[in-house]
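We will go from stop to stop, picking residues as we go.

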Amino acid sequence: MQSRTIRIHTHGGPEVLRLETIDVGDPGPGQARVRHTAIGVNFIDTYHRSGLYPLTLPATIGSEAAGVVEAIGPGVTDVRVGDRVGFAAGPVGTYAERRLVPADRLIPLPDAISDEVAAASMLKGMTVEYLVQRTFAVQRGQTVLWHAAAGGVGTIASQWLADLGAIVIGTVGSDEKAEQARANGCAHTIVYTREDFVARTREITGGAGVPVVYDSVGRTTLMRSLDCLAPRGLLVTFGNASGKPDPLDLLVLSAKGSLYVTRPTLHAYVASRAELLASAKALFDRIARGVIRAAPTATFALEDAAEAHRALESRATTGSVVLTVS
């Protein structure tokens, strides 16, 4: 069985993404072969492509997709041929028409969730689930700071946190993105290109600071994010959009108020199949209730993956980006 697949043979910019045709065999024990219909594009894909998170080359990137099970291998009981499924936590390689995957990492899709919505929301939405409900269990009435609030993860997070009754301060890069962030549930927005987000956060909180900061930006924000925290507050750093942060002197945490820092990953929070399905259910339930609006805001054909990466990295997109497979 052949598959059009985006592969990289060297790490670098979007230009290293190459469309190739490869053979995909039959699934082995514990595996399923999935035909993709929609593929999520996420910032982690750019880290794999650039070499920030290096892969063994040649490699197919991509961490999220939706499609249909074409075949299953011996011993598979979690899915059946013909099932609509999603994939968001496991081996990379979703930028492809078809691939073999561990069947126990596949998530059955409810009828109410389209393939495009699943591909646009699973990785981002399950990330939000573990961040706001398990890494730091946000409570009603708490004020939180979320960087890149108009991005793919930030859009879902703003809606989720608003549903929890939290007060969300969102940083964004433009007035247009500020308007979108407010529409998604941010009570306050900070346009970081012209406003000091530390000073504004302190102003909004009456000088107290926030109990938690969610930072996926990395190098350019991490140290100043610490200055937004209340004593004993938690900095959750979960991405590197501006680059890998510099090493942190632990004595800074004591000097700034006995602070905490964590660097979590989705994989650690959905390591078991029970955790995986529970996280997905929490997301799908909120989409079904209309709490989260997760349709993709930009779509590209699989063969245009490089253009999708350029749009994502230039901050030209808001919300979620999806590759479609025809």
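This is a predicted model: local features need pLDDT of at least 70, side-chain atom pairs count only at pLDDT 80 or more; totals for chains, interfaces and linings use all residues.

Residues are numbered from 1 along each chain as its sequence is written, and side-chain values use heavy atoms, with hydrogens and water left out.

**Stop 1: the largest pocket**

Select Phe-43, Tyr-47, Val-153, Ser-216 and Phe-238, which lie nearest the centre of the largest pocket among its 45 lining residues. On a 1 Å grid over the protein atoms alone, a pocket is an open set of points with protein on both sides within 12 Å along at least five of seven lines, a cavity is a set where a 1.4 Å probe fits but cannot get out, and lining residues have an atom within 4 Å of a point. The space in this pocket comes to about 990 Å³, where volume is the space filled by probe spheres set on the points, and points are joined across faces, edges and corners.

Now colour α1 (43–50), α2 (115–135), α3 (152–164), β9 (167–172) and α8 (266–269), each of which gives two or more residues to the lining. Helices (H or I, at least four residues) and strands (E, at least two) are DSSP runs, numbered from the N terminus. The biggest contributor is α2, with four residues.

**Stop 2: the largest cavity**

One cavity of 30 Å³ or more is counted, and the largest has a volume of about 50 Å³. Select its lining: Val-34, His-36, Ala-65, Ala-66, Gly-67, Val-85, Gly-86, Phe-87, Arg-99, Val-101 and Leu-106. Two or more of these residues come from each of β3 (31–41), β4 (65–72), β5 (84–87) and β6 (98–102).

**Stop 3: the cores**

Which residues touch the most other members of the largest nonpolar core? Pick Val-132 and Tyr-214, in a core of 53 residues. Such a core is a set of buried Ala, Val, Leu, Ile, Met, Phe, Trp, Tyr and Cys residues joined through side-chain atoms within 4.5 Å; buried means under 20% relative accessible area, with a 1.4 Å probe and protein chains only. The largest share, eleven residues, is from α2.

Centre on Tyr-214: beyond its neighbours within four places in sequence, its contacts (heavy atoms within 4.5 Å) include Leu-131, Val-132, Trp-146 and Phe-238. Apart from this core lies another, of 19 residues, among them Val-16, Ala-65, Leu-302 and Leu-312.

**Stop 4: Glu-97**

Jump to the loop between β5 and β6 for Glu-97. Glu-97 is buried, with a relative accessible area of 15%. A polar atom of the Glu-97 side chain lies 2.8 Å from the backbone nitrogen of Arg-4. Leaving aside neighbours within four places in sequence, Glu-97 is also in contact with other residues, including Gln-2, His-36 and Val-325.

**Stop 5: Leu-222**

Leu-222 lies in helix α6 (residues 222–226) and is buried, at 8% relative accessible area.

**Stop 6: helix α10**

Finish on α10 (residues 305–313), where Ala-305, Ala-306, Ala-308, His-309, Ala-311 and Leu-312 are buried. Just after α10, Arg-315 takes a positive phi of about 65 degrees.

Definitions and conventions: Buried means under 20% relative accessible area, exposed over 50%, partly exposed in between (1.4 Å probe, protein chains only). A polar contact is a pair of N or O atoms within 3.5 Å; within protein, one must be able to donate a hydrogen and the other to accept it, and residues adjacent in sequence count only if both atoms are side-chain atoms.
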